[in-house]
Amino acid sequence: MGSRIKNDVKKLFEFWCEVSPTPGLERGTSSRSGGPAAPAGVIVESFPEGFRDQEVLTGIPSFAFPCDTSSTSVQTYSFVHTTGDSKWRFGFCRQDPRTNTAMVLITYLPWHDTFLKLLPVLAELKRTDPNGFRTFLSEAYNQGIPDCGGSLKVYYSAGQSHFTFERPLQFQLPSMPENHNLNLYYNFVEPKEMITVFAAMLAERRIIFTSRHLDRLSSCIQAANAFLYPMVWQHIFIPVLPWEFKDYLGAPMPYLIGVPEPVLETVTSDELGEVVILNCDTKIFESPFDDVHNLPTEIVSQLKKHLNHTHDHIGDRISKIFLNALVQLIGGYRDAVEYHENSKTFNSQKFIESRPAHLRPFLAKMMDLQIFAQFIDDRLTMLNSGLGFSDEFELETVRYAEKKKRGRNYAIMKNLKDKYLGKRSLSRLFAKNNT
């Protein structure tokens with residue numbers, strides 16, 4: 001399945017719309033198979049007019065109003081729609097109780113910080129200058145996208161103001177305080193729960209995040225998913241689950257789903273079965289499994305030690321803590337790559353045998369994971385195509401290997417020094433006794 005991010009994106013966004021909720025709609029009166037009596041909402045304005053993807057158009061109202069809510073404040077959050085070719089299409093939504101509408105932007109670009117900042121700008125421009133608003137949308141839609149690490153400006157208000165679309169660097173790790181998703185995850189989820197979620201993802205469990213706050217819900221689950229890098233979640237991934245799609249919670253395969261608490265309250269424990277649940281409001285974690293216990297003890301100890309040092313978590317520090325755990329687990333995959341005349345293959349048994357003994361039991365289980373199998377397939381594809389790669393994972397793998405080598409050299413030199421000094425001490429002792 002590979003990467004879920006579309007590569008050949010040509011536009012900053014695919015579609016913008018404003019959605020009005022269906023008045024008097026009572027959810028919970030019928031199942032998804034029968035469909036609700038009416039859609040969750042109706043699109044009252046859109047751009048461009050020629051957008052005809054019916055699957056997206058049909059689903060947007062449910063994601064714009066995923067559950068009944070009594071919130072009196074603006075809620076800004078993201079959701080994901082998986083396309084027919086297994087790519088992720090991102091939706092960024094802004095619910096405004098003052099207008100009783102939701103503004104939705106659909107894009108293939110996972111630029112969460114950029115588009116979450118854009119939504120309030122669009123809302124204010126639409127309120128104060130409707131004509132200028134449409135002009136801004138048109139210019140942004142036709143601009144194309146900047147090069148990697150670059151940016152472009154789209155002007156509005158007669159050129160007096162502008163919005164900057166910044167394209168993130170490739171393989172850039174989420175950083176604090178810049179990354180909105182990571183900030184919320186760090187603020188509302190304790191390090192202990194971050195580790196338990198990480199362990200559950202490495203076991204490919206059925207995982208539910210829940211909250212009464214849609215922004216918190218989508219941000220926490222997006223941040224947790226980012227910690228799986230360089231692997232990619234290959235199963236069902238729904239950061240915000242609308243009521244109409246709650247049947248997905250009964251799916252027998254692994255999933256990572258953010259469920260608004262009003263939706264989760266309508267589902268029984270029997271319907272859910274064995275699931276892992278993290279409540280991002282109460283910080284309560286529930287699981288029938290002990291996945292942390294199954295992780296190598298050394299990995300868990302390092303995660304706890306580094307995550308609890310709260311004074312130095314600015315920048316990509318937290319992201320690197322989880323990345324380094326994966327470097328220790330799978331960073332040596334190249335030792336098991338076998339080179340043939342026309343291709344390269346991966347020998348899983350050779351990989352396990354090449355790893356330290358304390359990691360082997362866990363790695364033996366990882367061989368059956370779809371996220372690991374896809375990781376190996378992606379890396380072999382790059383090697384077989386002759387492409388080099390220097391993403392952050394590979395760079396950290398090199399740094400870790402050099403650090404271990406220096407550690408071994410230090411241990412050898414110290415051992416030799418101790419032996420040498422020990423012999424000198426004995427020589428002096430014998431010389432003293434002989435005089």
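Two strands count as paired if DSSP finds at least two bridges between them, and strands (E, at least two residues) and helices (H or I, at least four) are DSSP runs numbered from the N terminus. The model is predicted, with local features needing pLDDT of at least 70, side-chain atom pairs counting only at pLDDT 80 or more, and totals for chains, interfaces and linings using all residues. Residues are numbered from 1 along each chain as its sequence is written, and side-chain values use heavy atoms, with hydrogens and water left out.

View 1. Ile238 has Ile257 of E10 as its bridge partner, and three bridges join E9 to strand E10 (residues 255–260), the two running parallel. The five strands of this open sheet follow the order E9-E10-E8-E11-E12, with mixed pairing; E9 (236–238) and E12 (285–286) are its edge strands, each pairing on one side only.

**View 2. Helix H6 across the sheet.** Helix H6 (residues 214–226) lies across strands E8 (206–211), E9 and E10, and runs at about 165 degrees to E10. Contact means heavy atoms within 4.5 Å; axes are lines fitted to C-alpha atoms, for helices over the stretch in contact, and angles run from 0 to 180 degrees between N-to-C directions.

**View 3. Lining of the second largest pocket.** Among the 31 lining residues, Glu55, Phe63, His81, Phe245 and Tyr248 lie nearest the centre of the second largest pocket (an open set of points on a 1 Å grid over the protein atoms alone, where a 1.4 Å probe fits, with protein on both sides within 12 Å along at least five of seven lines; lining residues have an atom within 4 Å of a point). Helix H1 supplies the largest share of this lining, eight residues.
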